[in-house]
Amino acid sequence: MKRQKRQKNILILSALILIILAAGIGIYFRYSGGKDTPDKNTVESTVNVDAATVAKTEFTDEEKERVESQTGVTVTEDGTVQVDIGEIQAEEESMTISREEATELVIKEVGDGAEVESMSVREEQDKYYWTARAIKGGEAYQVWIDSETGETFINQKE
């Protein structure tokens, strides 16, 4: 009698462990798409069919070329956009003027109280620039800083 009760308890415990394991695997596949990304520095977008706005997965040749002109960005055959964050960081770290220095220069250019909302490296006419969007007093500014010299190339209100 005691042995039967123990076997029953072990059977119930085993069933619970299997249920928890199956739920964990289901959650993993739900959120990872069932596959690993090729590189820990690569982020892959996904299409969310339940969302009100569906992600774009079809690109013209011109659109694909424009998107892929950005450092570390690739459009795959199925329309998925992949971003290699490691490649972007490597490019930023290779600039003579660092991101921090460029941020300080943008704030100096726009004036005290300015906040840099976004910043990235952009190549134009064989030169690299830090392009920033800064906000001050409710107004938005676009500022481009030469990544070699730190000189302001563009400073305009949006």
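**Figure 1. Glu-139 and Lys-157 join their side chains in a salt bridge.** In this predicted model, the N to O distance of the Glu-139 and Lys-157 pair is 3.1 Å. A salt bridge here is a side-chain nitrogen of Lys or Arg within 4 Å of a carboxyl oxygen of Asp or Glu. The pair links distant parts of the chain, 18 residues apart, with Glu-139 in strand β6 and Lys-157 in strand β7 (residues 152-157). Strands (E, at least two residues) and helices (H or I, at least four) are DSSP runs numbered from the N terminus. Glu-139 is partly exposed, with a relative accessible area of 36%. For this term, buried means under 20% relative accessible area, exposed means over 50%, and partly exposed is in between, using a 1.4 Å probe and protein chains only.

**Figure 2. Asp-146 meets Lys-127 in a salt bridge of 2.7 Å, N to O.** Because Asp-146 lies in strand β6 (residues 139-146) and Lys-127 in strand β5 (residues 127-136), the pair ties together parts that are 19 residues apart in sequence.

**Figure 3. Arg-99 and Glu-92 form a salt bridge through their side chains.** The N to O distance in the Arg-99 and Glu-92 pair is 2.6 Å. Arg-99 is partly exposed, with 29% relative accessibility, and Glu-92 is buried, at 17%. As a general idea to keep in mind, side chains of opposite charge can pair when their charged atoms come close.

**Figure 4. Glu-117, Arg-133 and Glu-158 belong to a network of salt bridges.** How many salt bridges does a search of the whole structure find? The search finds five.

**Figure 5. Asp-61, Glu-62, Glu-65 and Glu-68 make a negative surface patch.** Patches use residues with over 30% relative accessible area and no salt bridge, with like charges joined within 9 Å and nonpolar side chains (Val, Leu, Ile, Met, Phe, Trp, Tyr) within 5 Å. Asp and Glu count as negative, Lys and Arg as positive, and His and the chain ends are left out of the count. Glu-62 sits in helix α2 (residues 61-68) and is exposed, with a relative accessible area of 59%.

**Figure 6. Strands β2 and β3 form a hairpin with five residues between them.** Strand β2 (residues 73-75) and strand β3 (residues 81-84) pair in the antiparallel sense over three bridges. Two strands count as paired if DSSP finds at least two bridges between them. Look for Val-75, which stands opposite Val-81 in β3. In the turn, Gly-79 has a positive phi of about 90°.

**Figure 7. Gln-125 and Asp-126 both sit in the loop between β4 and β5.** Most residues other than glycine have a negative phi, and most peptide bonds are trans. Gln-125 is not a glycine, yet its phi is positive, about 50°. Asp-126, also not a glycine, has a positive phi of about 60°. Gln-125 is exposed at 75% relative accessibility, and Asp-126 is exposed with a relative accessible area of 71%.

**Figure 8. The whole protein chain has four helices and seven strands.** Along the sequence, the pattern reads α-β-α-β-β-α-α-β-β-β-β. Buried residues are 20% of the 158 in the chain.

**Notes.** Residues are numbered from 1 along each chain as its sequence is written, and side-chain values use heavy atoms, leaving out hydrogens and water. In this predicted model, local features need pLDDT of at least 70 and side-chain atom pairs count only at pLDDT 80 or more, while totals for chains, interfaces and linings use all residues.

Technical notes:
Accessible areas come from the Shrake-Rupley method with a 1.4 Å probe; for residues, only the protein chains shown count as cover. The place of a charge is taken as NZ of Lys, CZ of Arg, CG of Asp or CD of Glu.
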